[in-house]
Amino acid sequence: MDDLTNSLSVALNLTETECTIQTLHEITPATTPETEIQQAPLFLVAKVHTVKSFNRKNFIEKMTKNWNHISRSPVIITERPHGLFLVEFGCDGDRRRVLLQQPWTYLNQAILMDIPNSLDVLNGDSLLKIPLWVQVFNTPFLKRSEELATLVSSSLGHMLELYKPSLRETWGPYFRLRVMFDVAQPLPRGIPIHFSGTNKVVWLELKYENLPDICFFCGRMGHSYNKGCMDYMKACDEAPFPPELRYDIKTISGKVKVSTNALLCPEQSNFVNPPVASFMTTNPASAVCVAPPENMPPFPTYGSQEIGPAQGQTLQAGLFKSGPSTLPPNYSHWNQPDPNTPTLDHHKFPHPTPPPQRTLPSFMPL
C-alpha cells in the first residue's frame with residue numbers, strides 16, 4: 001500500500017492530504033441492532049446502446065411507465081454520467097421480471113442492463129451483452145435435441161435456456177433457445193453443422209425474436225450502415241460503387257409464435273418467459289366477441305346475385321341487388337299487417353262519415 005501511495009504521489013504530484021489513505025470499516029449485521037436492520041436497495045444500471053442522440057427525459061418517463069406495469073412497487077429511474085441510468089426497485093421480484101422480459105428497446109435501440117457491483121464504480125464497462133431468443137431453422141428431421149442446442153449456442157454465446165417444447169417436430173419448423181450475445185460482435189446469420197449420422201454439412205439458418213435495430217452491413221447493434229459504421233465507410237472508399245448490404249430484416253428477424261396447443265400448457269406454466277402472447281391470456285375470445293342471438297331472422301336477399309340491376313334500380317355494393325323478392329314463405333314482411341290485430345270491415349263502413357260542420361251565429365252591429 002505504501003508503494004502504491006508513493007508511486008501515485010510521484011506521478012500526480014499529490015499533497016500530503018491527498019496521499020493519506022483512509023479506511024472505512026463497514027458495520028457487520030452481527031453488531032447492528034435488529035431495529036436498525038433495513039432491506040438493501042435493489043438496483044439495475046441501464047444504458048441505451050446507440051450512437052444517436054435521444055431525449056433522456058422522455059426515456060425516463062416511458063421506461064418508468066413500462067416497468068411500473070409489471071412491478072408491485074413504483075420504479076425510480078435517475079440519470080447518471082456516461083450515458084447511464086440507475087433503476088431502483090422495491091423488491092427482488094420486480095427486478096427479476098424486468099430482467100426476464102429482455103430485450104427492452106427505446107426507439108428500436110437496444111437497452112443494456114446489469115446488476116451493479118458494490119465494489120465497482122458505475123462506468124458502464126459491464127454493459128456489453130444482451131439476451132435474445134434465437135430460432136434455428138433447417139434442422140434435419142428427428143435431429144432436434146438438447147445436444148444440438150448446446151452445440152449451436154457454443155458458436156453464439158452463453159445459452160441461458162432452451163424452450164423444450166420446440167424440440168418436437170410437430171411444434172414448428174424451428175426450435176428456440178435464448179442466448180446472451182455480445183453487442184460488439186455481428187449477429188450470425190447461420191452456422192454450418194456436420195451431422196455424423198447423415199454424413200453431410202447442413203446450414204442452420206438463424207432468426208432473432210424482438211430484434212432491435214442493427215447495421216445491415218456489419219450486423220452489429222447500436223448504429224446503422226449509413227451512420228456510424230466504419231466497415232461500410234471503409235468498403236465504400238475501397239470500391240468504385242457502394243457495397244451490397246449483407247443483412248436483410250425480413251430474413252434475420254423472426255416472428256414470435258403464438259401457440260394454443262393444450263399439450264404445451266404444463267410445460268409453458270413452468271417456463272420463465274413463455275412465448276404465448278399476453279393478449280391471448282388477458283383478452284380471451286369469449287370476452288371480446290359477442291355471439292349473435294339464436295332467434296335472429298334470416299337476412300333478406302333481393303334478386304339473384306348474377307343478374308345486373310335494371311334501369312332505374314340501385315345497386316348496393318356488398319349487400320344485395322334490387323329485384324323480385326325471394327324471401328321464405330314463412331317469413332313475415334315488415335310492411336304487412338299483423339294477423340292478430342283487428343281490422344275494420346270495409347263492407348259495413350265503405351266510407352267514414354265526416355263530422356258535421358258547425359255554423360257560427362252572426363251578430364248585427366248596434
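# Reading a pocket, its strands and its salt bridges

Helix H4 (92-100) and strands S5 (109-114), S6, S7 (158-162) and S8 (175-182) each supply at least two residues of the lining of the second largest pocket. The model is predicted.

User: How do I read a pocket? What volume does the second largest pocket have?

Analyst: Start with the general idea. Rolling a probe the size of a water molecule over the atoms shows where empty space is left. Here, the second largest pocket has a volume of about 260 Å³.

User: Which residues should I look for around its centre?

Analyst: Find Leu99, Gln102, Met113, Pro131 and Met180. Of the 16 residues that line the second largest pocket, these lie nearest its centre.

User: Which element gives the most to that lining?

Analyst: Helix H4 does, with three residues.

User: What classes of residue make up the lining?

Analyst: Nine are nonpolar, two are polar and five are charged.

User: Now the strands. What should I know about side chains in a strand?

Analyst: In a regular strand the side chains alternate between the two faces of the sheet. Next, ask which strands pair. Take S10 (residues 200-209) as the case. Strand S6 (residues 129-136) runs antiparallel to S10, and three bridges join the two. On that side, Gln135 stands opposite Lys207.

User: How many bridges pair S9 with S10, and in which sense?

Analyst: Six bridges, in the antiparallel sense. S9 covers residues 190-195. One place to look is Pro192, whose bridge partner in S10 is Trp203.

User: What lies between the strands in the hairpin of S9 and S10?

Analyst: Four residues. In this hairpin, Asn199 takes a positive phi near 55 degrees.

User: Does S11 run parallel or antiparallel to S10?

Analyst: Parallel. Two bridges join S10 to S11 (residues 253-254). Tyr208 has Ser253 in S11 as its bridge partner.

User: Which residue meets Arg144 in a salt bridge?

Analyst: Glu169, at 4.0 Å from N to O. Arg144 lies in the loop between S6 and helix H5 (146-156), and Glu169 in the loop between S7 and S8, so the pair ties together parts that are 25 residues apart in sequence. Arg144 counts as buried at 12% relative accessibility. Glu169 is partly exposed, with a relative accessible area of 28%.

User: What does the salt bridge of Arg178 and Glu161 tie together?

Analyst: First the distance: the closest N and O atoms of Arg178 and Glu161 are 3.2 Å apart. Arg178 lies in strand S8 and Glu161 in strand S7, so the pair ties together parts that are 17 residues apart in sequence. Arg178 is buried, and so is Glu161.

Terms used
Residues are numbered from 1 along each chain as its sequence is written. This is a predicted model: local features need pLDDT of at least 70, side-chain atom pairs count only at pLDDT 80 or more; totals for chains, interfaces and linings use all residues. Side-chain values use heavy atoms; hydrogens and water are left out. Two strands pair if DSSP finds at least two bridges between them. On a 1 Å grid over the protein atoms alone, a cavity is a set of points where a 1.4 Å probe fits but cannot get out, and a pocket is an open set with protein on both sides within 12 Å along at least five of seven lines; lining residues have an atom within 4 Å of a point. Grid points are joined across faces, edges and corners, and a volume is the space filled by probe spheres set on the points. Ala, Val, Leu, Ile, Met, Phe, Trp, Tyr, Cys and Pro count as nonpolar, Asp, Glu, Lys and Arg as charged, and the others, Gly among them, as polar. A salt bridge is a side-chain nitrogen of Lys or Arg within 4 Å of a carboxyl oxygen of Asp or Glu. Buried means under 20% relative accessible area, exposed over 50%, partly exposed in between (1.4 Å probe, protein chains only).
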